[in-house]
Amino acid sequence: MLSRLGALLQEAVGAREPSIDLLQAFVEHWKGITHYYIESTDENTPAKKTDIPWRLKQMLDILVYEERQQVSSGEAGPCLEYLLQHKILETLCTLGKAEYPPGMRQQVFQFFSKVLTQVQHPLLHYLSVHRPVQKLLRLGGAVPGSLTEKEEVQFTTVLCSKIQQDPELLAYILEGKKMISSKKPPREPTAPSTDIAGYRDKDCPHSAAPGRGPGLDSEHCGVPALSSHLPAQTEGPENGPGESNLITSLLGLCKSKKSRVALKARENVLLLVSVASPAAATYLTQSTSCCAVIAEHLCQLYRSMPAFLDPADIAALEGISWRLPSAPSDEASFPGKEALAAFLGWFDYCDHLITEAHPVVADALAKAVAEKLFVETLQPQLLHVSEQTILTSTALLTALLRQLRSPTLLQEAMTFLLGTEQQPAATEDSPHTLGTHLIMHCDHLSDEISIATLRLFEELLQKPHERVIRSLVLQNLEGRLYVARGSPEPESYEDTLDLEEDPYFTDGFLDSGLQPSTKPPPAPATNSDGKTAVTEIVNSFLCLVPEEAKTSAFLEENGYDTYVHDAYGLFQECSSRVAPWGWPLGPAPLDAHEPERPFFEGHFLQVLFDRMTRILDQPYSLNLQVTSVLSRLALFPHPHIHEYLLDPYISLAPGCRSLFSVLVRVIGDLMQRIQRVPQFPGKLLLVRKQLMGQIPGEHLDHQTLLQGVVVLEEFCKELAAIAFVKFPPHGPYLNFSPPLEGQV
């Protein structure tokens, strides 16, 4: 019995005309919404307590159901045609702008999002859809920190997803213009012009209630009555660059105090800039202010930070990600911490955008960041006369380099720091690039500025860009002008030290009772083709510091094994980074003729060598940073760097110096100064224990000298370890100084 009744009901439903009933129901629900504004007198009732949300849901359900029943999926059904022809979306946008009843804007955002998501028919090409979409975006972007941020970000998520599927939509959503393309948008459903321009519902009552809602004409229940009250400046699809659109709306939401809203908005921008279409990417860069706005916000965050920040606080605030831009709560607090974290988080976001974006967008955004942040904001501060300003800006630039991962932005940073010229520097050259000025800062009167700038260069040397090491070091080592020409190979190790020119190596020094740790080794072991054995090089560095100046032997561990272990990991990392650069395995052949120009090690090595000569008179922290940078340089697997920094037996050209020759002169100075320090070995051991934290620190006479000696000993062990891991004794020999052709 029940089954027969069900069958009869099914037949009755099937006998009805669904399209007519659906359209009638759709129109009735829309008229129900418009009647609310005609009949309602209570302006304080929230929208969610009226029947408007229910009616909007019914209209959405009808549209979805109608589409599923369509035989031909490419055509719009009657209800969808009604929605488009009568500009219902535009009317809803006007009602949302009026925010009547309260909360109506939230309902409109939700309805737009659901229609665009659930209706499969392409809608955004239609003028009656993308124009209200543009207006709704302006409506959301105009109210920062609004109560509808959640709905706004959902709406922009839908739009970005649609653009990702069809990049042609980008121009329609942003400005309502077509990009140059052969693809044509679908035609808008046609209807008699009288119906569109002045649709009047025959069932619409002509009597109005005393208190009508805003923007409604008592004579019209359709769209024209409501849309006639739209602001004139929002009618046309042509929007100037200052207008709020999808880009500005998203960037406004990126600044939301609600972390989830801000994160979702940033993900949407990332989705937008990674569109695969070249036409869409070109449109995004040339016809919108996207890149400029992103870069300008970065500069605003920079300006919001305190003028002066402690470099230690900046260095300690690591691991800031654009997904979690707030400062870690477990870190020590300091003034400006949150502002610094916000700036570093947005820079990380820009770097990520450039990495993931379409190449056209990536290039434009990288140039915008370089121009606005690097050139216009940072450069004047790096060249400022105020030491505090130089110190803070240098530390911030170091933090930015530490976070930088994008190859495109790294290229812009290299151009900013090192310029574009590739010619070797000359001694008399005046600073003409920012990099040269920064190199001069490594030898600044302020030790703090010197340390901060050395840290900047140490960070720079770890970047995967050949331009860094080539500009700072390699371009000056080309041609190997530091090697003596026309002279036979030295017969003994002593001949390479040029003792007659060294004022510290005299007979009086040897008569003082202080002897080097070992006798100078004999000529280095070489094989038949003149390659120097690495064992001789390691021993040369380990034996350089005299026994009277060594203290590590009195402790449980002398640290050399640790240096070898650390150097091995750093060398492997450096080798993998430079592998794509195609460096030669051996040094370039020497030209037997005298060079046309004298050798100059370059401003960078000049400053580092000058600093090394003063290692016994400089603060401990500064010495650590100088030796750290030199160790970084020595790790690079280029044959000219091997030769110039790590070969003690190189025959230097007149007037040239190498790292080993600088260390030899420092040792000579040390041997003379040891005589003027009473109880030198005991005090040196005490200082080492203080530096290692084994005993409480207390000020001693000659403390700077003693600390410098400790750093010198450790640096020589570190250089020996680097030479060892580059070419272990059981492996190949180090190809440093092949003899000139024709020499015996």
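This is a predicted model: local features need pLDDT of at least 70, side-chain atom pairs count only at pLDDT 80 or more; totals for chains, interfaces and linings use all residues.
Local features here need pLDDT of at least 70, side-chain atom pairs count only at pLDDT 80 or more, totals for chains, interfaces and linings use all residues, and side-chain values use heavy atoms, with hydrogens and water left out.

**First stop: H6 and H8**

Select residues 104–118 (helix H6) and 149–165 (helix H8). Helices are DSSP runs of H or I, at least four residues, numbered from the N terminus. Their axes, lines fitted to C-alpha atoms over the stretch in contact, lie 9 Å apart at an angle of about 20 degrees. H6 and H8 are therefore roughly parallel (angles under 35 degrees). Now show the side chains where they touch (heavy atoms within 4.5 Å): H6 brings residues including Phe109, Phe112 and Leu116, and H8 brings residues including Phe155, Val158 and Leu159.

**Second stop: H22 and H23**

Move on to residues 447–461 (H22) and 466–477 (H23). Here the angle is about 125 degrees, with the axes 9 Å apart. Which residues of H22 and H23 make the contact? Look for Phe457, Leu460 and Leu461 on H22, and Val468, Ile469 and Leu472 on H23.

**Last stop: H28**

Finally, select residues 620–635, helix H28.

Terms used: Residues are numbered from 1 along each chain as its sequence is written. Axes are lines fitted to C-alpha atoms, for helices over the stretch in contact, and angles run from 0 to 180 degrees between N-to-C directions. Helices (H or I, at least four residues) and strands (E, at least two) are DSSP runs, numbered from the N terminus. Angles under 35 degrees count as roughly parallel, over 145 as roughly antiparallel, 65 to 115 as roughly perpendicular and the rest as oblique. The expected span of a helix is 1.5 Å times one less than its number of residues.
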